[in-house]
Amino acid sequence: MTTLKICGAALLCAAAVPILREMKGISALLSAAVAIMAAAAAIASIYPSVSFLVAAAEGTAFESYAAILLKAIGIGYCTVITSDACRATGADTAASGIELLGRAEILLISLPLITELLSGIAGLI
Amino acid sequence: MRRRGAAIAAIILALLLPLFSSHASATDTYKNSDGSAQAISNATNDANDSFSDLRKLIPEDVLSELPEGIFDGGDTSSSLPEKIGLKYVFGKLWGLIKRSLLPAAGGLASLLGMTALAASFGLLADGLNCASVVRIFTLCATLTVACYVMSTQVGVMNSASLVIGSMTAFSNAIIPILTALLISSGNTLTASVTGAGLLEFTTILANFTQYCFLPLCRACFGLAIISAISGNGHTDGICGIVKKTFTVTAGFAAALFAAVISYQTTLAAAADSVAARSIKYALGSSIPVVGSALGDAIKGTAAGLSLIKSGVGAIGIVVIILIVSPVIINLFLNSAILGICSAAAKILGCDRISTLMAELKNVSGFILAVVALSTVIFIMSLAVFLKINPALSV
């Protein structure tokens, strides 16, 4: 039902944007608002799946790794949604900056893994 | 004059015989009309010494796996075929397999779970319409799986290294015992040739494995992980070259070793046999009354010593099998687990994780080959001792 509502909102937005073309700022903001709303709905819909995955990983040997993956996917989604919204408003540079920030953040949370791996390999050799 | 000289020579030889055989006693033989039986009894009574020496060399965990009473009693050697026969060895192997299956199933479940988790998050990441973020996420997912796999593989690699060390230590300790038994049986030349040769060969093999091939395996392991993470090409070539080099080198060395030891042992045993025949002929023909009895006693002693040698050698082979079996079974199961996870990752669409697992499976198979070949060579070296007939029994 939520999906239908969001789809309806997106269609309305698609219809409104050509009408509001003359008011460039408003049409861009409307597009961004619909994109954010759709992304929020998407996050809400995948939340049970992610919760299930996290619950499945709980108490296992890879629980800590699951937490890192969850963080990474969360950062990825936030980054992409924000950069899409920025692009919709025409702020392409900001979108690129946000993507770079996201990549750096994911790399940062992967650093302990890289350290663990390198020390493991060094220990082996 | 010639007859007197022969008699003197026979007496000197008779005096020297105890040096070769601590069990042949002319006095015992003179007192007992059935010298042969007495000598066998003496020899088997001393069996306990050899078995207790052997017992000290066996690792505690392996010792607890051996049948009860294997080192007790004078008639140990005669009851050995029943106690450590084919049924016993296969029973133990089956027991080890059963014991390893549950942990292996747990390992498989964990690794599959990790793969499935990474694949699920990967599917979620596929929804992102930004290639650069997806790439960095894939790297993160591969890193998590690599870290997890490495934590499980380090133990496997270290156990392989440890088992080769303990197998070498055991072989190097048991070979002198068998050499001493060979010397007691009159195979002095065979003992010096075979014992020294085997010790040298097992030491070279152990050093080569410990300091050359296992580090190479570890390097391949590191390369496999790095190549899977970077996603730039495969290490199939390097692992393949290392594996081929080891197989060809070790196979050639094993064949050379078997050939040299076989002809060396045959020649030395023949020379020992001629020497022993000469001694017995001289004793039989020169010493009046007890000459033939002494000859029988020597024969009986040789038979007893042969029994002890066979017992020690057989226990040695069984101990090596028990030392190495858990590790070989673990390595085999580990290869199977990595193969299954590689296939599962491919099905789930995680190509990098699949490549990582496949590479690690190759490395695990290589380690398995190293351990198996070393084991075969160690068992072969002990079997060479078992095949040598005592010179004095002819």
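Conventions first. Residues are numbered from 1 along each chain as its sequence is written, while chains are lettered from A and ligands numbered from 1 in the order in which they are written. Because the model is predicted, local features need pLDDT of at least 70 and side-chain atom pairs count only at pLDDT 80 or more, whereas totals for chains, interfaces and linings use all residues.

Confidence next. The predictor gives the complex an ipTM of 0.76 and a pTM of 0.72. Per residue we have pLDDT, the predictor's confidence in each residue, from 0 to 100. Chain A has a mean of 81, and 98% of its residues reach 70 or more. In chain A the lowest helix is α2 (residues 24-57), at a mean of 78. The highest there is α4 (residues 92-124), at 86.

Chain B has a mean pLDDT of 73, with 71% of its residues at 70 or more. A contact here is two residues whose C-beta atoms, placed from the backbone, lie within 7 Å. A caution: where pLDDT is low, the predicted coordinates should not be read in detail.

Now chain A. Four helices, zero strands. Both are DSSP runs numbered from the N terminus: helices are H or I with at least four residues, strands are E with at least two. The order along the sequence is α-α-α-α.

Burial in chain A: 26% of its 125 residues are buried. The cut-offs: buried means 20 or more other C-beta atoms within 10 Å of the residue's own, exposed means 12 or fewer, and partly exposed is in between, with C-beta atoms placed from the backbone. Of the chain A contacts with a separation of 6 or more, 54% join residues 24 or more positions apart.

One residue to look at is K71(A), in helix α3 of chain A. K71(A) counts as partly exposed because it has 16 C-beta neighbours inside 10 Å. L108(A) is 37 residues away along the chain, and the two C-alpha atoms are separated by 11 Å.

On to chain B. It has twelve helices and zero strands. Of its 394 residues, 47% count as buried. Among contacts between residues at least 6 apart in sequence, 84% join residues at least 24 apart.

Helix packing within chain B. Two packed helices are described by the angle between their axes and the distance between the axes. The axes of α8 (residues 131-184) and α9 (residues 188-230) of chain B come within 10 Å and cross at roughly 175°. Therefore α8(B) is roughly antiparallel to α9(B). Axes are lines fitted to C-alpha atoms, for helices over the stretch in contact, with angles from 0 to 180 degrees between N-to-C directions. Under 35 degrees counts as roughly parallel, over 145 as roughly antiparallel, 65 to 115 as roughly perpendicular, and the rest as oblique. The α8(B) and α9(B) contact divides into 21 nonpolar, 15 polar and one charged residues. For classes, Ala, Val, Leu, Ile, Met, Phe, Trp, Tyr, Cys and Pro are nonpolar, Asp, Glu, Lys and Arg are charged, and the others, Gly among them, are polar.

Last, the interface. The contact takes 33 residues from chain B and 31 residues from chain A. Which helix of chain B gives the largest share of its side? α8(B), with 15 residues. By class, the chain B side has 25 nonpolar, seven polar and one charged residues.
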